[in-house]
Amino acid sequence: MDYVVLVKEIADPEGVVFDEQGLPDPKSRLIANPRDLNALEAALTLRKDGEKVLAVSVGYQRGVLEEAVAIGADHGYLIDTDAESWDSATASKGIASLVKKLLADGTVASSYLVLAGSAGEDYDNSQAAIRVAELLGIPHLAYCETISLDGSLTAKVNAVGGYAQVTSPTPALLTVTETANQPRYASVQRKLKAKRDQSFYTTVKLDELGVTASEKVELIATALPKEKPAAKVFSDADAGKNVAALLKAMQDDGRPLGGSR
Amino acid sequence: MSVLIVAEQKNGNPSTASLQLAAAGRQLADALGTGLDGIVLGADTLDIAVDTLYAAKHAELASYRPLPYARVLADLIGQKRPEAVLFPDNLRSRDYAPRVAARLDAELLSGVTSVELKDGKLCATKPVFKEKRLYTYAAASALVLLKEGAYVPLAGTPAKVEPFPVALEPADLVQTVEAAVAGSGVDLSSAKVIVALGGGIRKDVERGKQLAEELAGLLGGAVGASRVATDAGWLDHTRQVGQTGQTVAPELYLACGISGQMQHVAGMRNSKVIIAINTDAESPITKLADYVVVGDLFSTLEELIASLKR
């Protein structure tokens, strides 16, 4: 079994700086999408001796691939898009086309899994990975918490109202949640090696994969979210007084606790 | 030209999110000057206010699996080519809708809080970068996952119900999905009031649960939980509110001993009124709350119960 892990570089949602138009400033700190590191961890945990873990990213620089290699991926593939913007549909076409190529030339074994984080923490599109599954014609398992490859592929997944147990044939694509595992750290030596050693990386242009960056969706406006008025705070040491004050405030605001009673 | 909503049913009733889709869908359809159609999977009808309801009933659709769902929806959308298809935004739609979009080479916008027609284009607004900005996207047509709580539910019945032929391929049936957790089966999404418990009940879990049940009972609501409380095994997983649990938007949400991690907030931020009871006046939940009670949650719940009984 070989593993293809999709990793995305994003502006850190905690520290992102926006320009005047409300777009993320290129100077914002860039990080690996956190859940993609959970996906990488899952692949590294499942991998047995002799099996490959390959990282794939769509973008214009390979920082996130260096991180993946430093953590333990065997190779990083950058799908290079010159276009200023590209959407999930375009990214998924590029990724699917690359995976098909790697399958055809034997780089990836015919028995394989694709893994990715369950959503990007930047735009919360949560769709590129599952689009890839459709384009590759393989089943997918979303929101995996635990993954087992004993005999068949089974996973405990988050589902509406709790968890579900999914059994699936392989090859398959899995999306992994942020609580599935604790991603390992890279050693300093491995980080240096990942930075210096060019042989870890392959860059493929999006158009070489037969995909044209298209954007059928256009960003037309950005805005700040409406600020919520500050909360009314009750911090008396006496719980009875707190609750009485809370109930009075709710009454005064026209939304009494327990409705009209 | 038309607008289509993908309605969810549970035990034969439409989910609250589906009634909100009916409201949003009708507004869009009126703006476009077209009809509003709907589809329900695994049922032969549903009380939902659309012009034509396509009912896809089939033994293989009785319980949820992504591949059969994707097949039926891609077939219908591919045939009818609606300008806009609205889905409820939840773990389930985020599982099957990207596959539908890829099969149709369609655009998909998830996490959308409002959708409208502007200059003949479909415009959808959604929060990005953990709610730091709102982005509005325009497209000629798209699949839209609409977050719960953004529209006032519209009740009604379909003017016409048409069976939709289900044609599944062997490849659609390769997976098995079993609900792994025998749960309380509580559908929090329809509760008007939710009393939610978090890590703060650690000191006395049983007492915390008992107080929450009693308060919820007095308010005609249900008990929910944060991931901390469900992962600790204090409350059933089916009661979990959050990104990986249920998304709710009740009239009143009481967050008791819940710090307000992003993962939890994502599931309850659209609640109309939020009361946070927490010992930490600086915890993230207080930024979102309308009312904050700083103090011991057990005695605060006791006082609330006592005052409601008075």
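**Interface between chain A and chain B**

In the predicted model, the side chains of Lys93(A) and Asp105(B) form a salt bridge with an N to O distance of 3.0 Å; the term denotes a side-chain nitrogen of Lys or Arg within 4 Å of a carboxyl oxygen of Asp or Glu. The rule finds 8 salt bridges across the interface of chain A and chain B. Residue pairs in polar contact, both at pLDDT 80 or more, number 39 across this interface (a pair of N or O atoms within 3.5 Å; within protein, one able to donate a hydrogen and the other to accept it, with residues adjacent in sequence counted only if both atoms are side-chain atoms).

Among the elements that give two or more residues to the side of chain A that touches chain B are helix 3 (88–104), strand 12 (218–223) and helix 6 (239–252) of chain A (DSSP runs, H or I of at least four residues for helices and E of at least two for strands, numbered from the N terminus). Helix 6 of chain A provides the largest share, 8 residues.

In total, 75 residues of chain A are in contact (heavy atoms within 4.5 Å) with 70 residues of chain B. The buried area is about 6,600 Å², with 56% given by carbon and sulfur atoms (accessible area, 1.4 Å probe, lost on putting the two parts together, summed over both).

Strand 12 of chain A and strand 10 of chain B (residues 133–139) run antiparallel and are joined by 5 bridges. Ala223(A) stands opposite Leu134(B) of strand 10.

Residues are numbered from 1 along each chain as its sequence is written, and chains are lettered from A and ligands numbered from 1 in the order in which they are written. Local features need pLDDT of at least 70, side-chain atom pairs count only at pLDDT 80 or more, and totals for chains, interfaces and linings use all residues, while side-chain values use heavy atoms, with hydrogens and water left out.

Key:
Pairing = 2+ DSSP bridges.
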